[in-house]
Amino acid sequence: MALKERPKPFLLPEYCKGCGRCLDACVKDCITMSDQINPLTGLVPVDLDLTNCNACGLCMDACPEPYGLRPAHEGEIQDFELEDPAKLFGVRPSDAPEPVDLPSEVLPLPRTEPLVIKGTYASALGALLAGCRHVYGYPITPSTEGAELMAKFLPKLDGTFIQAVSEVATVNMMYGTAGAGLPCMTFTSSPGFSLMLEGVSYMIGAELPGVFVDVMRGGPGLGNIAPEQSDIKLACHGLGHGNTQAITLAPSTPQEMLDLTMLAFELSFKYRNPVIILGDGYLGQMTGKVQLPETLIKPGIPKWAVYGDAMHRKNVITSIFLTESDLEAHNEHLNRKYAAMQVEVRSESYLCDDAEVLLVACNTPARTAKGAVQELRHRGVKAGLFRPITLWPFPVEALVAAMKGVQRIVVVEASAGQLEDEMRLALSKAGVRAFPEFESVRRMGGILPQQDEITAQVLGRKEVRA
Amino acid sequence: MSKASVFYDRFERHSHGEGLKGHATHYCPGCGHGLAHKFLADAIDDLGIQDRTVAVSPVGCSVFLYYYFDVGNTQAAHGRAPAVALGHKFANPESVVVSYQGDGDLASIGLAETVATAQLGAPITVIFINNAIYGMTGGQMAPTTLMGQTSSTSPAGRNEYMGQPLKMAEMIAGLDGPVYVERVALYDAKQRIKAKKAIQKALKLQMEGKGYSFIEVLAECPTHLKMNPEDTEKWVKECMEPVYPLGVKKDLTVDPWFKRNPPSFDGKKLLNLAGATSEQPERFCQGFPNQVAPHDVSLKLAGSGGDGAQTAAMLIARAAITEGFDATHIPSYGPESRGGTSYADVHVAEEEVLNPGSPTPDILIAFNAPSLAKFGPTVKKGGTVIYDSSVVSDAPALDPSVKLVPVPFTGIATDLGKAVVKNIVALGALQAATGLFPKETFLTSIRQALKDKCALIPLNEEAFAWGIKAVESLGE
């Protein structure tokens with residue numbers, strides 16, 4: 001077999017930045033700096049005189065530019081078109097194909113007797129039923145049981161649970177798995193959620209799905225581990241930097257922890273956007289009746305994923321848009337998605353049809369308020385409850401309907417008015433100006449509003465404290 | 001054949017590939033990134049893994065890696081590339097994941113992720129470009145900036161108040177997780193050949209499922225070192241290399257270990273894990289115990305950790321739901337991991353528990369005197385208080401309508417040989433004193449809870465029976 005002659009170097013001066021790293025590499029002194037500025041680049045390229053070249057190739061290894069010094073092809077055409085490098089640099093090993101969606105499958109499950117489980121467990125089961133097999137997390141009370149259950153179950157399902165080094169690492173592991181197109185989630189609580197928000201912003205920017213179950217606790221700072229509705233503001237209006245929004249769900253029973261977790265996965269893939277589930281410490285720990293669905297999801301791979309295979313090679317997951325007009329267009333695209341998400345509003349109206357006093361509450365306080373409605377009805381007060389299930393988008397139309405004929409509105413919450421602010425903003429944006437002055441029953445610090453406080457407010461005694 | 005076909009034909013993502021940008025990188029003349037890119041591209045090409053490769057590029061000059069590499073690309077937040085890389089690797093264990101990071105990214109803001117990922121040891125490949133300066137933000141001090149080296153944030157030179165340069169390759173090699181760690185350079189032909197080989201080896205180890213590999217590349221940043229490319233090469237050799245010695249820092253011979261099955265979506269398996277069954281349980285209730293409270297019974301169980309209040313509460317909730325009612329149980333504890341207060345609020349409702357808290361319970365089960373003193377007065381008029389008369393000598397005066405049921409939970413349980421069953425004694429007392437559910441309902445719930453510890457069932461049944469007997473004897 002005849003030895004094939006090694007190729008000599010070849011250079012398009014337009015792709016040479018004139019760094020001169022090849023000069024040292026050449027032992028035959030074939031390369032010199034040009035004495036002229038290249039008019040196309042404004043840079044001084046190198047000149048090649050290959051008379052003494054022995055094709056050692058070291059200059060090519062010294063050139064930092066992919067299209068800089070290159071091996072010349074046999075019979076290289078020397079008068080080339082600048083815009084046709086494919087011709088110049090040879091055939092590629094393969095072209096990246098156009099990816100297609102590999103759809104999810106819905107598998108049947110037999111009907112089972114209701115389980116008696118905690119809210120966090122219900123949420124974890126919901127995630128497993130929704131096809132999530134990748135869970136990352138950092139322990140934080142009162143959300144940790146969810147992660148613990150996943151750590152126990154996932155290995156048996158050949159899934160992945162990794163206890164990350166921090167919440168920051170957690171959200172970025174989610175970014176990776178979501179980028180690969182698979183469902184993933186985490187359990188966290190308020191201080192941990194704060195830490196994740198940078199990553200949430202990146203996920204929104206890069207249009208990645210993922211489910212965050214934030215079992216809210218008392219704040220600010222370390223606060224305590226008792227329930228508060230402390231992160232409504234964060235979830236609805238503070239998901240890290242930039243133009244960010246995500247559907248925010250507020251379950252109020254263990255059953256809803258399961259149902260809304262399943263819904264969250266569906267919505268997060270539908271819109272390619274994270275979904276936040278705000279639980280409260282009570283709900284996370286509360287045991288209740290949970291009926292499993294009769295289907296199980298086996299997830300596919302969406303066409304936009306970077307899965308690490310031939311089909312998805314052409315894809316990129318990024319939130320960088322360096323050109324201003326590109327970033328503006330991207331934000332307009334996000335805004336169109338946010339607008340489309342408005343149809344996902346969900347709420348419950350309990351005895352609102354003839355209500356004169358409307359209570360508004362979500363999460364566990366909504367259950368307490370429901371008890372109060374019943375008690376007030378026994379006492380002859382026409383009370384009703386409006387419970388937003390999506391906090392963003394806020395179910396403002398349903399609220400307006402529930403407010404019809406109402407003389408008083410009492411917002412019941414375990415925060416300093418974060419739910420009320422959502423209502424005000426939603427009503428204002430909807431152009432609703434006329435409504436009774438809001439009254440409130442608010443507790444903080446890990447204390448939830450009690451039923452007697454709600455009834456006392458409604459019945460006219462303002463201050464009843466345990 | 002041309003080499004490095006892993007680069008795009010045209011860099012469309014680089015300012016839309018306009019003009020020369022379609023075939024030129026955004027790097028400054030003489031920058032080491034370009035060489036590291038070429039060696040990485042060559043390795044991907046040589047190993048035939050272009051389709052399987054996922055390149056993760058976080059913030060730093062190389063954040064735009066995805067302009068150039070025709071592979072799956074993910075751009076990550078500053079410092080977080082190793083975490084993102086793990087997310088990709090576990091999503092598709094067949095993928096070959098490269099985390100390509102600069103010194104600020106890897107050794108400063110992302111240090112936690114860097115170390116944790118290395119120690120985790122899952123097979124990913126980290127390419128660490130160390131040029132001793134921040135490039136993208138414009139020449140600030142890096143964690144790897146040399147002592148005395150000037151930068152825009154160490155204008156008089158790095159001194160002892162700014163900390164010492166971080167030797168990442170040595171640090172990573174000191175961990176148990178990695179299998180291969182090498183520091184290479186780009187300043188001459190010999191080093192470039194070594195660099196090329198090291199990158200290829202690192203990828204190969206990942207392909208073989210052998211583990212985590214880390215290649216530190218001493219690279220040139222002529223712009224921010226304020227030198228021409230030739231002098232920068234010399235500076236790396238003469239100034240950087242003595243601080244950051246080149247060579248293999250760790251090279252373990254290991255068998256391939258990273259093998260992962262595809263996730264299971266077997267419904268039966270999942271239901272088994274969840275403990276869900278299609279078997280209909282036997283029911284014993286004739287109707288809701290309206291004699292205790294109409295439509296919704298509120299209970300509080302209060303004691304210390306270890307009294308078994310939470311287990312008893314759970315058994316009540318399970319019994320209720322088995323009978324077709326709704327129920328909730330909310331535990332609350334003191335801050336101690338062991339031995340603090342332990343309270344349980346339980347509701348049993350005919351249709352739906354509206355308010356799961358029990359601030360004014362219909363029934364209180366108190367396991368000690370402080371619990372009885374604290375919650376006794378909150379019990380509703382006409383309610384029932386069952387307490388451990390073994391440990392409470394004087395019951396507080398409560399509303400006369402409240403029924404007081406003293407039962408020696410601890411005494412009975414100790415006589416049975418196991419103090420821990422005092423909560424089951426309490427359940428027996430609850431059954432006898434209130435008739436909340438039939439005996440069989442409780443017993444089924446207890447047996448169900450102990451189905452994996454069958455040997456304990458007779459003892460618990462006995463404890464339950466003694467609880468009932470104790471209440472019955474009160475009436476005699």
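Modeller: One term before we start: buried means under 20% relative accessible area, exposed means over 50%, and partly exposed is in between. A:Arg346 has a relative accessible area of 29%, so A:Arg346 is partly exposed. Keep in mind that this is a predicted model.

Colleague: OK. Which residue does A:Arg346 meet in a salt bridge?

Modeller: A:Glu344, with 3.3 Å from N to O between the two side chains.

Colleague: How many salt bridges turn up over all chains?

Modeller: The search of the whole structure gives 37. One of them pairs A:Lys337 with A:Glu207, whose closest N and O atoms are 2.8 Å apart.

Colleague: Where in the chain do A:Lys337 and A:Glu207 sit?

Modeller: In distant parts, 130 residues apart. A:Lys337 belongs to helix α11 (residues 324-341) of chain A, while A:Glu207 lies in the loop between α7 (190-205) and β10 (210-216).

Colleague: Are A:Lys337 and A:Glu207 buried or exposed?

Modeller: Both A:Lys337 and A:Glu207 are buried.

Colleague: And in chain B, what does B:Asp362 pair with?

Modeller: B:Lys380, with the closest N and O atoms 3.3 Å apart. That pair also links distant parts of its chain, 18 residues apart, and each residue is in a loop: B:Asp362 between β10 (341-349) and β11 (363-366), B:Lys380 between α11 (369-375) and β12 (384-388). B:Asp362 counts as buried because its relative accessibility is 9%, whereas B:Lys380, at 34%, is partly exposed.

Colleague: Which residues are linked in a network of salt bridges?

Modeller: A:Glu256, A:Glu348, A:Lys370, A:Arg387 and B:Glu352.

Colleague: That brings me to the interface. How many residues does each chain put into the contact?

Modeller: Chain A gives 103 residues and chain B gives 108. Between them the chains bury about 8700 Å², with 58% of that on carbon and sulfur atoms.

Colleague: What about salt bridges and polar contacts across the interface of chain A and chain B?

Modeller: There are six salt bridges across it. One of them joins A:Arg21 to B:Glu220, with 2.8 Å between the closest N and O atoms. As for polar contacts, 42 residue pairs make one across the interface.

Colleague: Which element gives the most to the chain A side?

Modeller: Helix α6 (residues 167-179) of chain A, with eight residues on the side that touches chain B. The residues on that side of chain A divide into 54 nonpolar, 26 polar and 23 charged.

Colleague: Switching to strands now. What does strand β15 of chain A join in chain B?

Modeller: Strand β2 (residues 72-75) of chain B: two bridges join it to β15 (residues 316-317) of chain A, and the two run parallel. A:Ile317 stands opposite B:Thr74 there.

Colleague: How many strands are in that sheet, and in what order?

Modeller: Eight, in an open sheet with mixed pairing: β15(A)-β2(B)-β1(B)-β3(B)-β4(B)-β6(B)-β5(B)-β7(B). β15 of chain A and β7 (247-251) of chain B stand at the edges with a single partner strand each, so one side of each has no neighbour in the sheet.

Colleague: What are the partners of β1(B)?

Modeller: Four bridges join β1(B) to β3 (residues 96-102) of chain B, running parallel, and four join β1(B) to β2(B), also parallel. On the β3(B) side, B:Val54 has B:Val97 as its bridge partner and B:Ala55 stands opposite B:Val98. On the β2(B) side, B:Val56 stands opposite B:Thr74.

Colleague: Which way do the residues of β1(B) point?

Modeller: B:Thr53, B:Ala55 and B:Ser57 point one way, B:Val54 and B:Val56 the other, and all are buried. In a regular strand the side chains alternate between the two faces of the sheet.

Colleague: Last one: is B:Val407 buried or exposed?

Modeller: Buried, because its relative accessible area is 0%. B:Val407 is in strand β13 (residues 403-407) of chain B. Beyond its neighbours up to four places away in sequence, B:Val407 touches several residues, including B:Tyr387, B:Ile412, B:Val425 and B:Ala470.

Methods:
Residues numbered from 1 in each chain as written. Chains lettered and ligands numbered in written order. Predicted model: local features only at pLDDT ≥ 70, side-chain atom pairs only at ≥ 80, totals over all residues. Heavy atoms only, no water. Contact = heavy atoms within 4.5 Å. Buried area = accessible area lost by both parts, 1.4 Å probe. Salt bridge = Lys/Arg side-chain N within 4 Å of Asp/Glu carboxyl O. Polar contact = N/O pair within 3.5 Å; in protein donor to acceptor, adjacent residues only side chain to side chain. Nonpolar A, V, L, I, M, F, W, Y, C, P; charged D, E, K, R; others polar. Pairing = 2+ DSSP bridges. Buried < 20%, exposed > 50% of the residue type's maximum accessible area, 1.4 Å probe, protein only.
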